[in-house]
Each structure stands twice: as structure tokens, then as C-alpha cells.
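Hello,

Here is the structure I promised to pass on, with some notes to read beside it. Please have a look at it first, and then see what I found below.

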Amino acid sequence: MFKLLISSLTVLLLAGCQNITPEVKTDKKTAPAKTRVEKSEAQKTMQKHPMQKPMMHKMFQSVDKKDAILVQTGPNKEHCAMCGMNLIKFYKTSHAAKLNGKNIQYCSLHCLTEHINEGAELENPMVVDVDSLKFIPVTEAFYVVGSDVPETMSPVSKYAFKNLDLAKAFQKKHGGKIVDFYSAWQEAKKDFQK
Ligand SMILES: [Zn+2]
């Protein structure tokens, strides 16, 4: 009788152990599942990261759409009248002028020069002031030519400032020389002499 009780207890204990074992297994199963969730979240973050990279490598010329002044009208108002490139993307080198009373906008001094070379009689040429992002007459601009900041459509950098001190600060940081529009235009003409 006593032996039977012991064997029964052993059975119960074993049964108890068997009952515990699956619980432990369940816990173990839950744990890797959690890890998997954490991993997928990490993967999501990694997937997000390359999406943020183009923002970090935004070109110097580019601005937000709300900050860009577009003077042309019609369906191609966001595009350079000569090469068709996006004017918001290349805004800080943008130029504008009037042709037969119509506003024309260019991505760069290069494209404005090309239009003049083709015989366009442009009036009131303007350039974007890198600081205020507003158009100013080219005659009021100080151009920093030959800095290390990439130019649009040309190997030689040309950025315009209304304020001479800001042009000097830009030059101190990026190099180049400060010239007037006429000299910058002569530099742009060289793009077509090759
Ligand atoms: Zn252009």
C-alpha cells in the first residue's frame, strides 16, 4: 500500500514535471518570437535609412518648393527655358529675364548665356540672391566665381549675392573670386568655347 502511494506520487511528480516542461517550452517559444519582432523593427529602421540619405545629400542649389520664385507661366513654369531642368532643384543658380515682354527663367548663367548666344535679345536680366532666395538685377549682384560649391551646367561655380559681406563670407568658406555680372558672364561664355 505504501509502495503504491510512493509510485503514485512518483507518477504525479513526473506528470507534474511533464506539465511544467511544456510551459518552459512555451516560454522559450515566446522569447524568440519577441526577438523576431525586434529584428523586423530594426530592419524597418534600416530600410528607412537609405530613404533619408538623398535628403542628407541635397544639392546646394536645391530649395523647398515654397521658397522658389517661378516667373514663367504655363505647364513648363518649373523648368529651364533652355535645357528643361527643374528650376526648384537648381534654384540657387537660377537666372531670369524678359524676352518680348515674356518672363523667361533659366537654371543657370550657362543657359542664359546660351540663349544670348542664339541671338535672344533679353531684357532686365535677374539672378537669385543665394541669401534671400529673391531675384535681384544682375547689375546689383556680387558673383563668387570658382568656389568649391558645384555649379549648374558648368564646371566653374558661380553664385550671386546682393550683400558683399555675405559674398565674402561664402568666399572665405568655399574659395573663388568676387566679380561683377559682366566678368561672371565672360566666364560662362567659356563653356561654349570648347
Ligand atoms: Zn538650363
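In the hairpin formed by strand 1 and strand 2, two residues lie between the strands, and asparagine 100 takes a positive phi near 50 degrees. A word of caution before going on: this is a predicted model. Lysine 98 has asparagine 103 in strand 2 as its bridge partner. Strand 1 also pairs with strand 3, again in the antiparallel sense, over three bridges. There, alanine 96 stands opposite methionine 126 of strand 3.

**Helix 2 and what covers it**

Helix 2 spans residues 109–117, and Leu109, His110, Cys111, Leu112 and Thr113 are buried in it. Just after helix 2, glycine 119 has a positive phi of about 100 degrees.

The packing against helix 4 may interest you. The two helix axes come within 9 Å and cross at roughly 80 degrees. Angles of 65 to 115 degrees count as roughly perpendicular, so helix 2 and helix 4 are roughly perpendicular to each other. Helix 2 contributes Leu109, His110 and Thr113 to the contact, while helix 4 contributes Ala184, Trp185, Ala188 and Lys189. Sorted by class, the residues of this contact are four nonpolar, two polar and one charged.

Strand 5 and strand 6 pair in the antiparallel sense over four bridges. Phenylalanine 142 has phenylalanine 161 in strand 6 as its bridge partner. Strand 6 is covered on both faces: Lys158 and Ala160 are buried on one side, and Tyr159 and Phe161 are buried on the other.

The loop between strand 5 (142–145) and strand 6 (158–161) holds threonine 152. Is threonine 152 buried or exposed? A residue counts as buried if 20 or more other C-beta atoms lie within 10 Å of its own, and threonine 152 has 24 C-beta neighbours inside 10 Å, so threonine 152 is buried. Leaving aside neighbours within four places in sequence, threonine 152 is in contact with Gln61, Phe90, Thr93, Cys107, Ser108 and His110. One of these, threonine 93, is 59 residues away from threonine 152 in sequence but 6.7 Å away in space, C-alpha to C-alpha. His110, also among the contacts of threonine 152, is one of the buried residues of helix 2.

Best wishes

Conventions: Residues are numbered from 1 along each chain as its sequence is written. This is a predicted model: local features need pLDDT of at least 70, side-chain atom pairs count only at pLDDT 80 or more; totals for chains, interfaces and linings use all residues. A residue is buried if 20 or more other C-beta atoms lie within 10 Å of its own, exposed if 12 or fewer, and partly exposed in between; C-beta atoms are placed from the backbone. Two residues are in contact if their C-beta atoms, placed from the backbone, lie within 7 Å. Two strands pair if DSSP finds at least two bridges between them. Axes are lines fitted to C-alpha atoms, for helices over the stretch in contact, and angles run from 0 to 180 degrees between N-to-C directions. Angles under 35 degrees count as roughly parallel, over 145 as roughly antiparallel, 65 to 115 as roughly perpendicular and the rest as oblique. Ala, Val, Leu, Ile, Met, Phe, Trp, Tyr, Cys and Pro count as nonpolar, Asp, Glu, Lys and Arg as charged, and the others, Gly among them, as polar.
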